[in-house]
Amino acid sequence: MMGLMASEETRTMTPPTVRSAAAQDAQKPGGAATRAWTMRLLVLGIVLSALNLRPAITSLGALLEEVRDGLGMSGSVAGLLTSVPPLCFAVFGVMAPRLARRFGAGAVVCAGMAAIATGLLVRPYAGGTAGFLAGSALALMGIAVSNVLMPVIVKHWFPDRVGSMTGLYSMALALGTALAAAVTVPLTDTLGGSWQTGLALWAGLAVAAVLPWLPFVRGRATPPGAGEEAARRTRTPGPASPSPSSSPSASAEHARVQAPRLRMARSRTAWALAVFFGLQATAAYITMGWMAQIFRDAGVPAGTAGLLLAVTMVMGVPLAFVIPRLATRLPHQGPIVLALGVCGLAGYAGLYLAPAAGAWAWAVLLGVANCAFPLALTMVGMRARTGPGVAQLSAFAQSTGYLISIPGPLLVGVLYQHSGGWGLPIALMSALMIPQMVVGFLAGRDRTVEDEAAR
């Protein structure tokens with residue numbers, strides 16, 4: 001896999017003269033060894049971080065019935081609980097670029113992983129629904145900033161391999177999502193049946209993800225993409241300037257550069273991408289929060305329902321690597337959007353008509369549809385030309401998108417409680433897939449936000 005990534009020549013919007021920060025470091029004395037060590041550490045940090053971006057949600061989905069009984073939640077309150085992730089992603093995600101400019105993207109991701117570990121450890125034992133929500137919010141805050149900064153880190157360090165690296169961390173994200181869905185129930189049963197223990201176990205994975213980012217915490221940070229600007233200046237005649245340090249934090253973010261502020265609200269592409277991101281997030285969080293319960297209500301045992309959710313999530317492991325690489329080679333990503341949407345509609349139809357009889361088929365189809373997430377991340381990297389542009393677009397698309405996705409899981413809980421079945425919630429999911437396909441097709445057009453937002 002790494003060999004494929006090293007040789008890839010993707011079609012991204014990065015100018016051909018721009019080199020990654022790591023490539024610049026290789027030209028310094030001893031730079032090759034430093035570059036190799038830094039790149040391995042970065043890849044490890046990206047993979048471990050991605051593994052932690054969804055277990056907080058899918059582990060809860062697998063044990064939602066037990067958590068509801070233990071905390072005395074109604075269906076509507078449980079719907080509110082499943083709406084907390086997009087709310088936190090919207091509120092805290094918008095802060096990520098500012099935090100990265102001040103402290104450095106690596107330092108912010110490191111702090112995010114620490115927040116995830118703390119929140120996951122605290123929430124099962126906080127006592128009551130309010131404490132559970134507060135612990136969940138802390139973990140989700142860490143996930144939110146990491147969500148936004150992952151495309152920025154990829155664009156900065158791997159500008160010529162956006163598709164491969166996006167695919168790699170999308171695969172890791174899908175693997176972590178599926179793993180939490182598959183093993184949370186069996187582990188809980190093995191450890192005595194306590195849902196608190198079953199949920200708290202995932203804090204250990206987040207602790208491991210903190211470690212690779214520690215070397216990137218040192219020093220003050222510059223805006224993501226500063227290395228690209230530094231690379232341009234090295235090819236421009238002018239007064240000589242001191243070489244930046246070869247430490248990971250310094251080589252990642254060379255000299256302070258002021259990035260132009262883009263008016264994302266003026267870009268039709270940014271809005272299309274934000275709405276697409278919001279609608280695919282709505283589908284994803286409804287799936288993660290409620291799909292296991294749909295199967296359980298259809299008579300599927302709890303352990304099997306967790307495995308079905310895991311199948312849905314694990315579909316993203318191979319496809320999250322293939323789809324971004326394919327997307328970066330196409331002039332228009334709209335056809336991929338439409339194909340994923342058709343799979344989603346077929347999966348919802350199956351859940352309505354025969355949820356138990358065709359459970360495995362519906363799980364696979366919905367897993368394919370959920371790969372709209374890595375596609376959206378890839379388009380974030382392609383719809384801006386520079387690292388700072390990607391940072392601003394990522395924050396706008398994800399924060400706006402997650403705001404759009406907040407009502408969906410809550411509305412599903414309300415419809416489920418008041419209708420007494422899954423007919424209306426599934427109809428809602430199907431209806432939302434249509435505009436998702438439309439705006440995704442528009443977001444896939446070959447253009448950049450700099451051309452629209454700077455006018």
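**Helix packing and buried positions**

Author: This is a predicted model. In it, α18 passes α19 in a left-handed crossing.

Reader: What are the angle and the axis distance for α18 and α19?

Author: They pack at an angle of about 150°, and their axes are 7 Å apart. Angles over 145 degrees count as roughly antiparallel, so α18 is roughly antiparallel to α19.

Reader: Which residues of α18 and α19 meet?

Author: From α18, the residues are L340, C343, G344, A346, G347, Y348, G350 and L351. On the α19 side they meet W362, L365, L366, V368 and A369.

Reader: Which residues of α19 are buried?

Author: Helix α19 covers residues 359–369, and its buried residues are A359, W362, A363, L366, G367, V368 and A369.

Reader: And what covers the buried residues of α19?

Author: The cover includes α15 (268–297), α16 (302–314), α17 (316–327), α18 (334–353) and α20 (372–382).

Reader: Back to α18. Is G341 buried or exposed?

Author: G341, which lies in helix α18, is buried, with a relative accessible area of 1%.

Reader: What is G341 in contact with, neighbours within four places in sequence aside?

Author: M433 and M437. G341 and M437 are 96 residues apart in sequence, but their C-alpha atoms are 6.0 Å apart in space.

Reader: What follows α7?

Author: G104 follows α7, and its phi is positive, near 100°.

Reader: Last one, S59. Where is it found, and why does it count as buried?

Author: S59 is in helix α4, residues 55–62. Its relative accessibility is 1%, and buried means under 20%, so S59 counts as buried.

Reader: What lies 2.5 Å from a polar atom of the S59 side chain?

Author: The backbone oxygen of P55 is at that distance, 2.5 Å.

Reader: And which residues is S59 in contact with, leaving aside neighbours within four places in sequence?

Author: With those neighbours left aside, S59 is in contact with R123, A180, T184, L199 and W202.

Technical notes: Residues numbered from 1 in each chain as written. Predicted model: local features only at pLDDT ≥ 70, side-chain atom pairs only at ≥ 80, totals over all residues. Heavy atoms only, no water. Buried < 20%, exposed > 50% of the residue type's maximum accessible area, 1.4 Å probe, protein only. Helix = DSSP H or I, 4+ residues; strand = E, 2+ residues; numbered from the N terminus. Contact = heavy atoms within 4.5 Å. Polar contact = N/O pair within 3.5 Å; in protein donor to acceptor, adjacent residues only side chain to side chain. Axes fitted to C-alpha atoms, helices over the stretch in contact; angles between N-to-C directions. Parallel < 35°, antiparallel > 145°, perpendicular 65-115°, else oblique. Left-handed = near helix turned anticlockwise from the far one by under 90°.
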